[in-house]
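Trainee: Could you take me through one part of this model slowly? I would like a close look at the place where the ligand sits, and then a short walk through the rest.

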Amino acid sequence: MDQKLVVVEKKDQRLYDIAEKLTKHIHDVVIEYKVTEEEWISAIEFLTEVGVKNEYILLSDVMGVSVLVNDLAHHHDHEEHVTDHNVEGPLYRANAPLVKTPAQLCTDEAILNSEQPYVMVGQVLSVDGNPIPNAIVDVWQADEKGDYENEDPNQPEYNLRARIETDAKGRYEFKSVLPGGYEIGKGGPTGKFLNRIGRHAWRPAHIHFKIVAENFNELTTMVFIPNDPWIDSDAIGAVKDSLILDLKQVDSVSEQQKYGFNKAFSITEYNFKLIPEVN
Ligand code: BEZ
Ligand code: FE
């Protein structure tokens, strides 16, 4: 039952090859599972609903294709011992407040009322280890409940988002709260599909970054809070060992006072390494 796609005019060979391979794989699955007419119609109805609800990116995310395509686009980066890339996700907002280091991503009140205040420090470095001054560390994260500011009317505008400029030694520092994990949109067709095949929709707690510096390739990535219950089963498969933070709990009262905290907090040091731009 091998079918060649009939070509009337030779045009885009790469697209032709991909279409041919995809067609063959679909045929193979239909044959292997003896897919019925009812099943095929319901698959088409599912894909139609995914389109109507504008969930194709979400479907690509949960099938691991978004991360795979991102990995392939940056595969050479791994060889250069620079920071691993990751997908941007749908919750980035441009033009977050531009601030100098050290920064704070939320109100004093939010930090004082939080279960776990959080401090993150580090440097933006070139692959050769040289610091990059005046780099922009564009950071965005969910709150402790796992909600992003632009999806939660109770949070102030641009809460837990900032563009932090590194100092002369390439350093950045910010105070915040530890983000919570969250479930990606599960009310639509993608969520129902995950549920039917027995998968959950949780993403482990993480913090997103976009690092921009003159004469360097932009780096988009996310770092993960260790020991999260979903760290080994991220709904979009984005966890990479190199991006899991090493968090230290600080109980010393003098250290707490140094940061203006009234309770134990978590701190981590993480450096971002960028690749010089080739012209
Ligand atoms: C996120 O990390 O913000 C995200 C990624 C994929 C789907 C939904 C959210
Ligand atoms: Fe996220």
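Mentor: Here is a walk that starts at the ligand and moves out into the chain.

First, some ground rules. This is a predicted model, in which local features need pLDDT of at least 70, side-chain atom pairs count only at pLDDT 80 or more, and totals for chains, interfaces and linings use all residues. Residues are numbered from 1 along each chain as its sequence is written, chains are lettered from A and ligands numbered from 1 in the order in which they are written, and side-chain values use heavy atoms, with hydrogens and water left out.

Now to the ligand. Around ligand 1 you will find Asp61, Gly89, Pro90, Leu91, Tyr148, Tyr182, Ile184, Arg203, His206, His208 and Ile236; a residue is near a molecule if one of its heavy atoms lies within 4 Å of it. This shell is made up of six nonpolar, three polar and two charged residues. In that sorting, Ala, Val, Leu, Ile, Met, Phe, Trp, Tyr, Cys and Pro are nonpolar, Asp, Glu, Lys and Arg are charged, and the others, Gly among them, are polar.

Look next at the oxygen atoms of the ligand. Tyr182 places a polar side-chain atom 2.6 Å from an oxygen atom of ligand 1, and Arg203 also has a polar side-chain atom 2.6 Å from an oxygen atom of ligand 1. For His208, the distance from a polar side-chain atom to an oxygen atom of ligand 1 is 3.0 Å. On its own, ligand 1 has 260 Å² of accessible area, and the protein covers 96% of that (areas come from the Shrake-Rupley method with a 1.4 Å probe).

The space that ligand 1 takes is the second largest pocket. A pocket is an open set of points on a 1 Å grid over the protein atoms alone, where a 1.4 Å probe fits, with protein on both sides within 12 Å along at least five of seven lines. A molecule sits in one if more than half of its atoms lie within 2 Å of its grid points.

Let us step back to the chain. It has eight helices and 13 strands, which are DSSP runs numbered from the N terminus (helices: H or I, at least four residues; strands: E, at least two). The C-alpha trace spans about 75 × 45 × 30 Å along its principal axes. Of the 279 residues, 42% are buried; buried means under 20% relative accessible area, exposed over 50%, and partly exposed in between, with a 1.4 Å probe and protein chains only.

Thr221 belongs to strand S10 and is buried, at 0% relative accessibility. A polar atom of its side chain lies 2.7 Å from the backbone oxygen of Asp84. That pair is a polar contact: N or O atoms within 3.5 Å, where within protein one must be able to donate a hydrogen and the other to accept it, and residues adjacent in sequence count only if both atoms are side-chain atoms.

Finally, a few backbone details. Asn227 is in the loop between strand S10 (219–224) and strand S11 (248–250). Although not a glycine, Asn227 has a positive phi of about 60 degrees, and at 76% relative accessibility it is exposed. Lys34, also not a glycine, has a positive phi of about 45 degrees. You can find Lys34 in the loop between helix H1 (13–32) and helix H2 (37–52). A cis peptide bond, with omega about -5 degrees, joins Thr101 and Pro102.

Definitions and conventions. On a 1 Å grid over the protein atoms alone, a cavity is a set of points where a 1.4 Å probe fits but cannot get out, and a pocket is an open set with protein on both sides within 12 Å along at least five of seven lines; lining residues have an atom within 4 Å of a point.
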